[in-house]
Amino acid sequence: MSTLRRVVVTGLGMVSPLGSGVETSWSRLVAGQNGFGRIQGFEIDDLPCQIAAHIPRGDGTDGTFNPDKWMEPKEQRKVDDFILYAMAASTEALADARWKPTTYEEQISTGVMFGSGIGGLSGIADTSILLKDRGPRRVSPFFIPGRLINLASGYVSIEHGLKGPNHAVVTACSSGAHAIGDAARLIALGDAEVMVAGGAESAICRIGIAGFAACKALCTAFNDQPAKGSRPYDRDRDGFVMGEGAGAVVLESLEHAQARGARIYAELVGYGMSGDAYHITAPSEDGDGAFRCMTAALKRAGMKASDIDYVNAHGTSTMADGIELGAVERLLGATAGNTSMSSTKSAIGHLLGAAGAVEAIFSILALRDQIAPPTLNLDNPAFETKIDLVPHKARKREIRAALSNSFGFGGTNASLIFVGPPAAAA
Amino acid sequence: MSDVAERVKKIVVEHLGVESDKVVDSANFIEDLGADSLDTVELVMAFEEEFGVEIPDDAAETIVTVGDAVKFLEKATAA
C-alpha cells in the first residue's frame, strides 16, 4: 500500500439552487424539492431552452442567498457570480470546520483549489459588446481579474489569509470533483495540511444557454414545466437543465484534524481519473472511460466494487445516462442489486464545473445520515437494471461507502470515494 | 458645494463603498479611502463617463485626492 497521508473532510459549504447553505440544500433535497424555474434576467424568447435552476436570491431568510452577507457590494461589482458563490461556499466551509488560520504557520499550511468549467462567461460576453460599441477605453480594469477561473481560489485565499498552494482546475463538468481529488493529493503528499477545495459556476446567461443549446445538450421539451425537465434515466429525458452555484469542502490531513480535535465528516479514500480519447462532447459509447475511472478510484481506496453502497451519478438527463449506468453495472457485476445510485441533478440541474463539488458534499451527507437522496421525475425508467435508482423519494439505507462520478466535455472523468470518519484514535 | 463636487462625491461613494462623510476634498483615494491602483483606474473611467470628458493618462496620474478630481473636472467642463 502507499505511504500517502490520509485525508479527511472537516468542513462543508454550499450555494445551490435549493438554497444558501449546506443543511438548507440537503434537507430540501432529501425532502424531494427542486430548484427549477423559467430563466430570469435575460431575453429567452428565441432560445430553445428557457428553463434553469437559479440561485434563489433574497435577504437571507428562508434559505435565500443574500450576496451582501458574503462579499461587499463594491467587490461583487468587480466579479462574475462564480467568484461570489465560491466565496460564500468557502466561508461557510471554513466556519463549519472551525478553521481560521491566524499564525503564519497555519496560513502557509492552508491552500485553496477551486475549479470552474467556464468562469466569467457572462462578463466576457457583456464586455465584448461594450468593447464593440464604445471602444477599449470603457473596458474596466476589473474585467480580467473578475473573469479568470483561478480568481475564485485567489479571492478565497485573500479573504481568509490562506498562503499555502493556490491552484485551480478546469476540466469542464468534472472540475469540482478533480479539484477535490487534486487538493487531497497535495495534502497526501505533504504540500499542505489543509485545503479549501471545490467548484463554482455561473453560466446561466444568454451566450451560455445558446452555446450549450447549439451542442444539443440542453432540455428543450419542458419549457412549460421547469420542474419536470431534469429527469435522469427517464424515457422522456431530452437534455440537461443548467444550474449554478458552488460547493466547497475543507480537506485536512488526518493527523492535523485529530490534533486540533476537529469534527470529521468523512475520509476521502479513493480518487480516480481517466480520459475517453473519443469525442469532444460525447462519452465513449462502451462506457470504458467511466469504468476505468471508477476502477482507479477503487484501487486507490483498496476497496472492492461491492463495498460501494451509494453512487451519486453524473446522470445529466441526457442520452449519456445509459452509458454511465452500463459502466456502473459492469463495475458492480453480480452485486449490482445491493447498490443505490441516484442523480441529484434531478433536483438542482447541472452545475457544470460546480457539479462535482456539490455532489461530493451530497455523497458525504448521504454517508453521515445513511440516506440516499432521490432521483426525481423518474416516471418511466428507460433502462432495466438491478441497481436501485432511488426514484422520487429518498431512501434510508446502510451506506458504508459512497462514490461520486463526474464526467466532462473533452472526455475527462473523475470519481471520488468517501467512507465514514475513522474510529476515534486510541 | 458645487454641482461637480456633488457628482464626484457620489461616484467615489459608489465605487469605493465608503461613508460619504469621509469623502472630503483632502481625502487621498489610496491612503484615506482604501482604493488600490485598479480602483483608481476605474474611478477615472467613471469620471469620464459621468462628465463626458477624456482624462489623458498623464492627467489621471495627478488626480490623487477628491479635491484634485473636482478641480480637474470643474476646469474640463467649464471649457
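Mentor: Start with one term: contact means heavy atoms within 4.5 Å. The model is predicted; local features need pLDDT of at least 70, side-chain atom pairs count only at pLDDT 80 or more, and totals for chains, interfaces and linings use all residues. Side-chain values use heavy atoms, leaving out hydrogens and water, residues are numbered from 1 along each chain as its sequence is written, and chains are lettered from A and ligands numbered from 1 in the order in which they are written.

Trainee: Which residues of H4(B) does H1(B) meet?

Mentor: Helices (H or I, at least four residues) and strands (E, at least two) are DSSP runs, numbered from the N terminus. H1(B) brings Val4(B), Ala5(B) and Val8(B). In H4(B) they meet Val66(B), Ala69(B), Val70(B), Leu73(B), Glu74(B) and Thr77(B).

Trainee: How many nonpolar residues are in the contact of H1(B) with H4(B)?

Mentor: Ala, Val, Leu, Ile, Met, Phe, Trp, Tyr, Cys and Pro count as nonpolar, Asp, Glu, Lys and Arg as charged, and the others, Gly among them, as polar. The contact of H1(B) with H4(B) has one polar and one charged residue. Its nonpolar residues number seven.

Trainee: Are H1(B) and H4(B) perpendicular or oblique to each other?

Mentor: Axes are lines fitted to C-alpha atoms, for helices over the stretch in contact, and angles run from 0 to 180 degrees between N-to-C directions. Under 35 degrees is roughly parallel, over 145 roughly antiparallel, 65 to 115 roughly perpendicular and the rest oblique. H1(B), residues 3–16, and H4(B), residues 66–78, have axes that come within 9 Å and cross at roughly 130°. The two helices are therefore oblique.

Trainee: How are H1(A) and H13(A) set to each other?

Mentor: H1(A) covers residues 22–30 and H13(A) residues 355–369. Their axes are 11 Å apart, at an angle of about 70°. H1(A) and H13(A) are therefore roughly perpendicular.

Trainee: Which residues of H13(A) does H1(A) meet?

Mentor: H1(A) uses Val22(A), Glu23(A), Ser25(A), Trp26(A) and Leu29(A). By class, this contact of H1(A) with H13(A) has seven nonpolar, one polar and three charged residues. The H13(A) partners are Ile361(A), Phe362(A), Leu365(A), Ala366(A), Arg368(A) and Asp369(A).

Trainee: How many salt bridges cross the interface of chain B and chain A?

Mentor: In the interface, 14 residues of chain B contact 11 residues of chain A. A salt bridge is a side-chain nitrogen of Lys or Arg within 4 Å of a carboxyl oxygen of Asp or Glu. Arg77(A) and Glu42(B) meet in a salt bridge, 3.6 Å from N to O. The number across the interface is six.

Trainee: How far apart in sequence are the parts tied by Arg5(A) and Glu255(A)?

Mentor: Their side chains meet in a salt bridge of 3.4 Å, N to O. Arg5(A) lies in the segment before strand E1 (7–16) of chain A and Glu255(A) in helix H9 (residues 254–259) of chain A, so the pair ties together parts whose separation in sequence is 250 residues.
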